[in-house]
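Let us walk through this structure by way of its side-chain pairings. We begin with charge, move to aromatic rings, and end inside a helix.

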Amino acid sequence: MSTMLPAQPTSQWTDEQEDGVQEPEFKPLTREQAQQWRAGQPKLSLWRLVGVQWLVGLLAALAAGLLWQSGALAVSVLYGAAAVAIPSALMAYGLTSSALSRLLSGFAQAALVGFLFWEGVKVLLSVALLAAAVWILPEPNWIGLLVGLVLVLKVYWFGALLQARRPHANG
């Protein structure tokens, strides 16, 4: 008859992470520390992003029109770009300039709800503009419309990449 020893748990935890050990207490920043932290954070402007979206859309439409010698293609590329840039401009206005955004600016939960509301408006307006392309454009070029839409959507990623590579103010 063999005796079985109780299983010994193997843990990847270090001694500091065992039960009962408290994490260090949270220490809030002083006013000066918070101001210094904010100064080091990159400044993002929604309006600058919208302006770059319009610039990319206009340049893409101009390039498509010149390269393929087609006005219909250029208009379709521009319309695809506008289907993103117009709702983005409306969202930027709603988040930064509307009376409601100023009223609720001090409440974090209200700001989140406002962001979600304006994001929903932006998506619905984009879908409506794309659906209306059949009636608005005289000769829609669907590939051109899609190219304009995708290029302007990628401005967000390009802006994030540039922001990440930009050196911080204090470091």
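Searching the whole structure turns up one salt bridge, meaning a side-chain nitrogen of Lys or Arg within 4 Å of a carboxyl oxygen of Asp or Glu. The model is predicted: local features need pLDDT of at least 70, side-chain atom pairs count only at pLDDT 80 or more, and totals for chains, interfaces and linings use all residues. Residues are numbered from 1 along each chain as its sequence is written, and side-chain values use heavy atoms, with hydrogens and water left out.

The partners are K122 and E119, whose closest N and O atoms are 3.5 Å apart. Side chains of opposite charge can pair when their charged atoms come close. Both residues sit in helix α5, which covers residues 108–136. Helices here are DSSP runs (H or I, at least four residues), numbered from the N terminus. K122 and E119 are three residues apart, about one turn of the helix.

E119 has 25%, so it is partly exposed. The cut-offs are under 20% for buried and over 50% for exposed, with partly exposed in between (1.4 Å probe, protein chains only).

Now the rings. The whole structure holds one aromatic pair. It joins F117 and W118, edge-to-face, at 5.1 Å centre to centre and 75° between the planes. Rings of Phe, Tyr and Trp (its six-membered ring) pair if their centres lie within 6.5 Å; planes under 30 degrees apart are stacked, over 60 edge-to-face, and the rest tilted. F117 is partly exposed, since its relative accessible area is 49%. W118 has 16% and is therefore buried.

S88 touches K122, along with V50, Q53 and Y156, not counting residues up to four places away in sequence; contact means heavy atoms within 4.5 Å. S88 is buried because its relative accessible area is 5%. Its side chain makes a polar contact of 3.0 Å with that of Y156. Such a contact is a pair of N or O atoms within 3.5 Å; within protein, one must be able to donate a hydrogen and the other to accept it, and residues adjacent in sequence count only if both atoms are side-chain atoms.

S88 lies in helix α3, residues 71–96. At the N-terminal end, S70 caps α3, a side-chain oxygen lying 3.1 Å from the backbone nitrogen of L73.

Terms used:
Helix = DSSP H or I, 4+ residues; strand = E, 2+ residues; numbered from the N terminus.
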